[in-house]
Structure formats: C-alpha cells, structure tokens
Amino acid sequence: MPTHTAAHVNSPWTLAIRAAADQGHPRRAIALYLSSLRCVAAHRPCPFALAAVLKSVSRLPAHIVATAAASLHAHLLRLGLLMHPYPHAALAHLYSRDPIAARSLLDETPPTGAQAPHSLLVSRNSLIASLLRSGDLPAARALFDQMPVRDVVSWNSMVAGLAKAGRLDSAIELFEQMPERNAASWNAVMCGLIAHGHLARAREMFEQMPVRSNVSWITMISGYAKAGDVHAAAGLFERMENKNDLYAWNAMISCYAQNGCAREAIEVFNRMLKPHVCVLPNEKTFSSVISACSQLGDLRFGLWVQSFMGSVGIELDDHLRTALLDLYTKSGRIDSAFDLFRGLRTRDVVSYSAMIVGCGMNGKLNEAICLFKEMSNANILPNAVTFVGLLSAYKHDGLMEEAHACFASMSSKYKIRPSMEHYTIMVDLLGRSGKLDEAFQLIMQMPMQPHASIWGALLLACELHNNAELGEVVASKCFELAPGESGYYILLGNIYAQANKWDKVKRLRKTMTERGLSKMPGSSWVQAA
C-alpha cells in the first residue's frame, strides 16, 4: 500500500469514521466526516472514509437516502474519486434500493487507468449484491454469468443469494463449480440450509469444511439455538478453539436465554468475564443476560448488570431499556419500569407489550388499558404478547365480560390466532368465576391439542369449587399428559377429601406410591402456563 494511502487509512479521522459506521452509528459517521472536512481543509478527503460514509447513508431513513446519495455522488465527482474502487463500490451499494440507478452508475462511468479492471470487478460485485438485496435474482444471475472475470466475492455473493432465496440445489451446484473457496463460501450454503430447515445437512457441510472461521461456528450454534437444540449448540461451543470472539459468547448466551435455560446463560456470562478469558460484553450480551434475569426473577443480579453496563461505558439504548423494564415489571417494580418506558426514544409494540404484561402481572388494569389505547392511537398494532398482558389484567380483577370481548377481538379485529397461553388465561378466569362447564367446553373447542398446564388450571378450579365429578375427568387428562407430575394427584386428592371420598383418597395415595410419586413440601403442584 502506498505511504500516502496508508496514512489516509490510519488517520484518526478515518479510523473514527469507519468505527462509527461499523458500530451502526450512521449519523455519527456522517457528522465526523463533515467535521473532518472543516478541520482538515488542507488535506484531500480519504476515499476509505468516504466509503464508510456512503455505507452509513444507506442506513438512514428511506426518505433521506435519495437526496444524500445524489449529494455524495456529486461530491465524489468533484473530488475526482468516483473511479476509486471503494467509494465507487460503496455508491453502487447505496443505490441498492434502486438497482437501475446502480447499473447506470456502471454504464455511465466506465473506469479508466491502471485500476480499471479491479474497479470494474468491485463495482460489478457490489451491483450483484444490490440486485440480490432487492430480490431481483434473475438479474443478478444474468450479470454474474456475463462477467468476464469473477473473484471469490462474486461467487460467494451469487451462492449466498441463491441459498437465501431457497434455491438450495442451484446454490450447491454453483458452490461445487467454484474455482476457489474460502470459509465464507461454505458459510453461505450453511446459512441457506439452516434458514430452510436443513440443519442436519448444514452440520454435514460444517464437518467437511477444510478450515472453519469463527463465523462458521457461530452460524451452526445460532442454527441449533433457533431449533431449540441447546445441547448440540453447547457441544459446538465447547469445541471452539478460539473463544476470544465476542460474537461466539453472545451466540451461546442468547441460545440459553432464548430456550429457557436462564441459569446456564448467566453461567456463560460469568465465565466470559473470568481473567483468563476476559471478553468484554456489548449491548447484545447484556440484553440476553437481562432477559435471563427476568426469567429467573433475579432483580439483584439484574441491578448489578445494569451497574456493570455503566462501568464499561454501555449506554442504555431503547433495546436495553425494554429488557430492563421487563425485568422490573416481573420483579414488581412497576414504577421503575414506567420511568424506563417514558424515557424510550421510540416506543414500539415490544416495549408497549412488555409494559402491558407487567401491568397485568401487577394488577394495574387501568394502566394496562391506558397503554393499549395509547399504542392504538399511535397506530401501533398489538401482537399476541400484548393480549397476554391485557387478559392477565382482566383476570386479576375478575372481569369476565371484558376478558371475553378482548379474547374475541384477537381473531375478529386483529387477526391474531390465540395461543395456548391465551386459552389458559381464559380457562383460569372462567374456572375461578365458577363457570367450570364453560371452561371445559373452551378447552374442548381449542384448535390445538391442550397441554397439561391448561387442564391443570381447570383442575385447580374444580378444587376451588368442590366439583369432584368434573375433577376426576380433568385429572385423568392431566395424568395422561404429565404422568410424572405429582401435583395433579395432590389436587385430585384434595378434591376427594373435600367431598369426603376417603376410599378414593386412599386408592390415589396407593397409586402414587406404586408410581414413585410423592408430595414435595413447599412446591407448586400446577405447571406454570
């Protein structure tokens, strides 16, 4: 690399601009570039900094991009840098929302000079990527086939595009034709296989790879995480030799947190902070760890995590605030959760739903209804989680008619199919209200197979209202679906005892003994919905 180019690349301004762009702060990257023009007026702008700025502009809101692209296009022409391969390719990438404009850029400004072949190759690669991002697979393939010279980037882009579109046979055929492959080539096919449910085939490719990058490992770990195979993900993570990659730790922590293994998520987090590992966490790490704290109801550790974030310079963005408010609501600190909620820069369905669920859990019906009206007025459509919160709030106050209307509106007005959790809340409310037959009929009419938890909610209602006849029927369903759960036997025993059916109590205890079941003092007999 020529000395003057190296100086440009490694200048403080260029490094700062590229760092801001890579970290997803487009406005900061653009502001830094504009400041550099004012502060370093005597120096020629760095093409690598310009490429980073162009990359950042593509992340701005759609209504700004076209104007910014035209301005930067003119800026490059004025500086004589339009033919530099990196700004040229970045501009083609920026025009990805309008592939015709990107193609015009190639056609109207043919590269000249010693760098012409490389510049044209980089630009064509960028245009292929742009066409693929816009969903125009035939145009991308046509351009790829017309290219007189292709490099591994060209091949990788086309293979990845085919795989992502579900054209797996074509992607694998093209992959096998590649004159040279790198880890990214294998990863592209693996990603496509995983995305379309072929995890076993992806694992086969992974094991065949001559050299695996950390991305290869993380791709497979993330694939197993989405499939819920925590054991396989953990096995791969332990096989990794290079564990200095933050993204690998994030993938494993997220895997545990997303699959209900909250304690394991926190254990991995503590492990990454050990002196012999010492990988510094980022916002993604903390988001997963706070989610794990919420699942455990561990407010103490969650507060320590919040303090630790501040000590390592992590600012609370909206995503982290939403994770924390979920922790606060589940820990009963609803006022603190509202403080975080009101401090959000942008409120979306996730943050509204988290607050509504928190209000439902903490018996704040009026607040839940006000939040729902507020999000409706903001044209934010509710999701399934929103209705879990609303129904929970109605259940807490015993408002049967309001809950019925809310439940019915899910499918009739919002086109949301009720899940097992919604049905369980309704059955619980009907049961507590003494409407046992109606609750039973609701379960029987469900479009999915009922879980033991929903039968358990009704069994608890049978105990509450001393209904031994229905209790026996419901208990048989619980025993069938969860034969090892002693809590259901205990509930039926209580029902028999209340009805003075002591012979049945005795027979039930004998059955429990024969099956190795016993009552555990202080435990919850009914599974959480």
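Here are some questions and answers about helix packing and salt bridges in this predicted model.

Q: How are helix 30 and helix 31 oriented to each other, roughly parallel or roughly antiparallel?
A: Helix 30 spans residues 486-498 and helix 31 spans residues 502-514, and their axes lie 8 Å apart. The two pack at an angle of about 165°. Angles over 145 degrees count as roughly antiparallel. Helix 30 and helix 31 are therefore roughly antiparallel.

Q: Is the crossing of helix 30 and helix 31 left-handed or right-handed?
A: The helices pack with their axes 8 Å apart. Their crossing is left-handed.

Q: How many residues of the contact of helix 30 with helix 31 are nonpolar, and how many are polar or charged?
A: From helix 30, the contact includes Tyr489, Ile490 and Leu492. Helix 31 contributes residues including Trp502, Val505 and Lys504. Sorted by type, the contact residues come to one charged, three polar and nine nonpolar.

Q: How many salt bridges does a search of the whole structure find?
A: Side chains of opposite charge can pair when their charged atoms come close. Searching the whole structure for such salt bridges gives 12.

Q: Which residue forms a salt bridge with Glu207?
A: Glu207 sits in helix 13 (residues 199-208), and its partner is 32 residues apart from it, in helix 15 (residues 230-239). The closest N and O atoms are 3.0 Å apart, and the partner is Arg239.

Q: Which parts of the chain does the salt bridge of Glu374 and Arg347 tie together, and how many residues apart are they?
A: The two side chains meet at 3.5 Å, N to O. Glu374 is in helix 23 (residues 365-377), while Arg347 is in the loop between helix 21 (334-342) and helix 22 (349-361). The pair therefore ties together parts of the chain whose separation in sequence is 27 residues.

Q: Is Asp428 buried or partly exposed?
A: Asp428, in helix 26 (residues 420-432), is linked to Lys395 in helix 24 (residues 384-397). The closest N and O atoms of this salt bridge are 3.0 Å apart. Lys395 is partly exposed at 27% relative accessibility. Buried means under 20%, so Asp428, at 10%, counts as buried.

Key. Residues are numbered from 1 along each chain as its sequence is written. This is a predicted model: local features need pLDDT of at least 70, side-chain atom pairs count only at pLDDT 80 or more; totals for chains, interfaces and linings use all residues. Side-chain values use heavy atoms; hydrogens and water are left out. Axes are lines fitted to C-alpha atoms, for helices over the stretch in contact, and angles run from 0 to 180 degrees between N-to-C directions. Helices (H or I, at least four residues) and strands (E, at least two) are DSSP runs, numbered from the N terminus. Angles under 35 degrees count as roughly parallel, over 145 as roughly antiparallel, 65 to 115 as roughly perpendicular and the rest as oblique. A crossing is left-handed if the near helix is turned anticlockwise from the far one by less than a right angle, and right-handed if clockwise. Contact means heavy atoms within 4.5 Å. Ala, Val, Leu, Ile, Met, Phe, Trp, Tyr, Cys and Pro count as nonpolar, Asp, Glu, Lys and Arg as charged, and the others, Gly among them, as polar. A salt bridge is a side-chain nitrogen of Lys or Arg within 4 Å of a carboxyl oxygen of Asp or Glu. Buried means under 20% relative accessible area, exposed over 50%, partly exposed in between (1.4 Å probe, protein chains only).
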